[in-house]
Amino acid sequence: MAHFDPNAKPFSHQWLNDRLAVDTLKRVLSTEYWIPKNINFLWAMGMVLAATFGVLLISGIFLLMYYIPDTKLAFDSVNHTIMGEVGYGWLWRHMHAVAASVVFLIIYIHMFTGIYYGSYKRGRELIWLSGMLLFVTFSAEAFSGYMLPWGQMSYWAGMVITNLFSLGSLDLQGLVEWIRGDYVPGQAFLGRFFMLHVLLMPLIIMALIVLHFGTLRIPHVNNQDGEEIDFEAEAEKWKAGKRKEAKVIPFNPVFMSKDVFVLGIYFIIYFYLVFYHFEFAMDPVNFDPADPLKTPPHIYPEWYFLWSYEILRPFSKNAGLIAFGFAQVIFFFLPFLDRSPNVAPASRRGLFKFWFWALLVDMIVLTIMGKVPPMGIYTTIGTIAAWTFILLWVALPFITKLEKPIRGQK
Amino acid sequence: MSDRRDFFGKALGAFAGLGALGALYAAKRTWDPLPSVKAAGFTTIDLSQTKENVLYTEMWRGKPIFVIKVPKNAKPSEAPNGNMENAYDDKRLIKVGDSKFFIAIGLCTHLGCIPAYYADQHKFICACHGGQFNAAGEVLKSPPPSPLVIPPFTVKGMKVVLGEAGPEYKKLKEAGLVA
């Protein structure tokens, strides 16, 4: 039976401890949550992402107060009311738009850090999978948010993306109309995407962030050498005062102080963009109100979707859809397609080194080709890059199977 | 004892399952297009004042509808069909009064962009992904997988009602020519 000290003053440490076990919580989640010393600034990206999500949430709350999810009023509520009338409305909008763009850059850095160091293997599979679920929900969140200003690019991106659900030759027009609630994107469409953006997706994202942190707690974070650390033994060294000898540091306050330093640098760059270069996150086409009878000459998604969009483009309708679907799900399978037992930086992993850099370069090429008009040499480069992407993933199990075990690893 | 517990567990599961199914159905129906949206699905177009080889864009169910009066004296070379035939001989063109008309939904069948009409070349070019259609809406250049879609229509004198499938439309549909 729980013991409650009758003499403890309300809300005193003892009182809270009896009721909430605050000391245990603090120990398990922060002061005795051990982080390897052998890491670099790339390990701070998780905290950068959490902070950026916080910025999106707070700026979004302020935007929500004046935004009107009505096809006739939405455009002006953003571009006139929020930008022109609401005090500092421009600040929230620019913070929201810049953070929405930058968050994907950090997500990609975070992902490629994990791929480079093999941080998706040997007990860390669920970290990778929950992270991929976060990538998908962030994508849905970004797309639904892009609909809200109801500009030309909102409307036409909404048209093109919902049309994908007709699934090519299956021609499921009924499904497309059901998703839109209309024959074309209209009030029903704006209303439901508004709901998804401000409530359902953020709820799911927050739950997934908790799950993502949870999956990290037992396997612990990886380190620069992929070394299998005995966290309990190393923690004992730290607690015994042998801090130089121990290979680990506590999450709080030691690791957090490094994280906060990286966060500081990140926010300097972020606010520089918010105040002086926000325009990169604001497509000029979207400053024209949505017009169902006028397609913009060139429809393209935001930069972070370009690579998968370019995988869709060079093929015929059905093949393109299959390739696109492949690109959307294949990253989920990474922990199972990598057949090598080695957890090590890519540079020490033979062919995987080339695979990693080829994938990174290929995705950058796809991103650039997704932005330029689909003609001439661009179509050729895009087609080659799309095939390269597919073939790289097909080759992954074979080249990792060939990989020699690194000495000292099982 | 355990029988009773099993029974209660199953009964609870069954009721909760029924409730979940009901809720799913309600959620699905909430996302359906509204009756008012569906009812507003008819558009009448008057074709008596149209000029030859000029693109008119009308609205039907929120979608753009292309209408072009076929020029009477077009040469075969003017309106290419990809196979040296005259696109203006295509069976997809609709006879209204004593003229032929091209009527189709003005959305590219690839991903729904609106192609632009180049009257001098008698063809449509889609700027999004480079698809092309001839003057009868047939594909000249992929990625579009199928011709521009002919909406359900019925001819009433010099007027055409969109959204209602008349005998001319049904004939086209049976011949597999509407899309």
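**Strands, cores and contacts**

Modeller: This is a predicted model. In chain B, β10(B) and β11(B) form a hairpin with two residues between them, and Gly157(B) in the turn has a positive phi of about 65 degrees.

Biologist: What makes β10(B) and β11(B) a pair?

Modeller: Two strands pair if at least two bridges are found between them. Strand β10 (residues 153-156) of chain B and β11(B) have four bridges, in the antiparallel sense, so by the cut-off of at least two they count as a pair. Within β11(B), Val161(B) is the residue opposite Thr154(B).

Biologist: Why are β6 and β9 of chain B said to stand at the edges of their sheet?

Modeller: The sheet is open and has four strands, in the order β6-β7-β8-β9 (chain B), with antiparallel pairing. β6 (116-118) and β9 (139-141) each have a single partner strand, so one side of each is left without a neighbour in the sheet. Ignoring direction, neighbouring strands here are turned by 30 degrees against each other on average.

Biologist: How do you know that β6(B) is joined to β7 of chain B?

Modeller: Three bridges join β6(B) to β7 (residues 123-125), and the two run antiparallel. The cut-off is at least two bridges, so they count as paired. One of the residue pairs is Tyr117(B) with its bridge partner Phe124(B).

Biologist: Why is Val372(A) called partly exposed?

Modeller: Val372(A) has 17 C-beta neighbours inside 10 Å. Buried needs 20 or more and exposed needs 12 or fewer, so with 17 Val372(A) falls in between and counts as partly exposed. Val372(A) lies in the loop between α15 (351-371) and α16 (377-401) of chain A.

Biologist: What describes the packing of α4 and α5 of chain A?

Modeller: Two packed helices are described by the angle and the distance between their axes. For α4 (residues 74-85) and α5 (residues 89-117) of chain A, the axes come within 5 Å and cross at roughly 115 degrees. Ile82(A), Met83(A) and Glu85(A) of α4(A) make the contact with Gly89(A), Trp90(A) and Arg93(A) of α5(A). These residues divide into three nonpolar, one polar and two charged.

Biologist: Which residues touch the most other members of the largest nonpolar core?

Modeller: The core has 101 residues, and among those with the most such contacts are Ala99(A), Val103(A), Phe101(B) and Phe102(B). α5(A) gives the most to this core, with nine residues. Another core lies apart from it, with nine residues that include Tyr33(A) and Ile229(A).

Biologist: What is Phe102(B) in contact with, leaving aside neighbours within four places in sequence?

Modeller: The contacts of Phe102(B) include Phe66(B), Ile68(B), Leu93(B) and Ala135(B).

Biologist: How many residues does each chain bring to the contact between chain A and chain B?

Modeller: Chain B brings 23 residues and chain A brings 25 residues. On the side of chain B, β2 (55-60) and β3 (63-69) each supply at least two residues. That side divides into 13 nonpolar, seven polar and three charged residues.

Methods. Residues numbered from 1 in each chain as written. Chains lettered and ligands numbered in written order. Predicted model: local features only at pLDDT ≥ 70, side-chain atom pairs only at ≥ 80, totals over all residues. Contact = placed C-beta atoms within 7 Å. Nonpolar A, V, L, I, M, F, W, Y, C, P; charged D, E, K, R; others polar. Axes fitted to C-alpha atoms, helices over the stretch in contact; angles between N-to-C directions. Core = buried A, V, L, I, M, F, W, Y, C linked by C-beta atoms within 7 Å.
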